[in-house]
Amino acid sequence: MADDDVRWMRRALELAARGTGETNPNPVVGCVLVREGGVVGEGYHRRAGGPHAEVLALRRAGAVARGATLYVNLEPCSHHGRTPPCAPRIVEAGVKRVVTAFRDPNPRVSGRGLAVLRAGGVEVTVGVLEGDARRLNERFIRAARMWRPFVLLKAAMTLDGRIATARGESQWITSPAQRRAARRLRRLHDGVLVGIGTILADDPLLLPEPRVRRPFHRVVLDSTLRLPLSSRLVASAPLSPVWVLTQKERRPKQARLEARGVTVLNAPAGRGRVALPWALQALRERGLWSLMVEGGSEVLGSFLREELFDEVALFRAPVLLGGRGSLPAFGGPDPLRIGDAVRLRPGPVLATHELWYPDR
């Protein structure tokens, strides 16, 4: 890789990172236009539905874009979504060369943007700082290749892996700094998912902090539709979407929830609980590409047991609960053998929490 290519791709990645938390379910993308060794235009994707990074950079460069080199951390799009495709605009602007980190991970569109550029006479280079670029858009990349959203399991627990006492008391195990970090972590995702037990026990709002300008979905697994009409979640539904996934039809209750702005999705008949594969597919089909699962114990354990996750965030407190009745972070079905354990590999250890990944 040429030194200049690395330099300007780093700048594109810096710009892209500014959109973190606001572009969901789109990727974060930054773009730099360089001519004769200097920047003539740059931009980054600020929000889903807004102008793409390439369009903003081309606007700022104007006529000077002709003959320039364009650096972007993801293949320019070639399809119509909420906005027109970028690749034809790059050709029309007279850009001489495009340098991108990697191809679009969506199998339906991968390589098509590059093909448009090459057909228009644009020189194309792929693979500059690819590893850095992939890490920045990891959630988008995984969801683009799967039928389900990227799933992060988050647990706030004691050193011995407990999230509540035998009487159900859980507030607060972790520190204020850890709780703030968890709310910031929500901003990276399209929504958060909990079980109805968490709602009944804690009556949470489940919003990210700082707030995001895009829709942030709160999802509840509630097989028998017990979500209280008086809950803070229902009261805030007009401000931030609330979706309830249920299996038992209770038409009067469903109508009352929907009248308050809650979306109720009815799962196919099963064994008394909403099937997780169906739930994830239903959410993915409705535009959720990344999901943070916050519990409770049975929900986290079920995702773990079915290995329907891509990352684990553990917020550990310097506390030991002990006892046989205190609630484990990961409940769900009991494994019968050590061989049934889900193996993990370590990721970054941060000041407030640690990250782990499935060892697949």
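**Basis.** I worked from a predicted model, in which local features need pLDDT of at least 70, side-chain atom pairs count only at pLDDT 80 or more, and totals for chains, interfaces and linings use all residues. Residues are numbered from 1 along each chain as its sequence is written, and side-chain values use heavy atoms, with hydrogens and water left out.

**Helix H2.** I looked up H2, residues 53-61; helices (H or I, at least four residues) and strands (E, at least two) are DSSP runs numbered from the N terminus. I noted that 7 of its 9 residues are buried, so H2 is largely enclosed by the rest of the structure. Buried means under 20% relative accessible area, exposed over 50%, and partly exposed in between (1.4 Å probe, protein chains only). The buried residues of H2 are Ala 53, Glu 54, Val 55, Leu 56, Ala 57, Leu 58 and Ala 61. Their cover includes strands S1 (30-35), S2 (38-44) and S3 (69-72), and helix H3 (87-92). Gly 62 follows H2 and has a positive phi, near 60°.

**Arg 89.** I then turned to Arg 89, which lies in helix H3. Arg 89 counts as partly exposed because its relative accessibility is 36%. Leaving aside neighbours within four places in sequence, I found Arg 89 in contact (heavy atoms within 4.5 Å) with Val 55 and Leu 58.

**His 217.** I located His 217 in strand S9 (residues 217-221). His 217 counts as buried because its relative accessibility is 13%. Not counting residues up to four places away in sequence, His 217 touches Asp 190, Gly 191, Val 192, Pro 241, Trp 243 and Leu 288.
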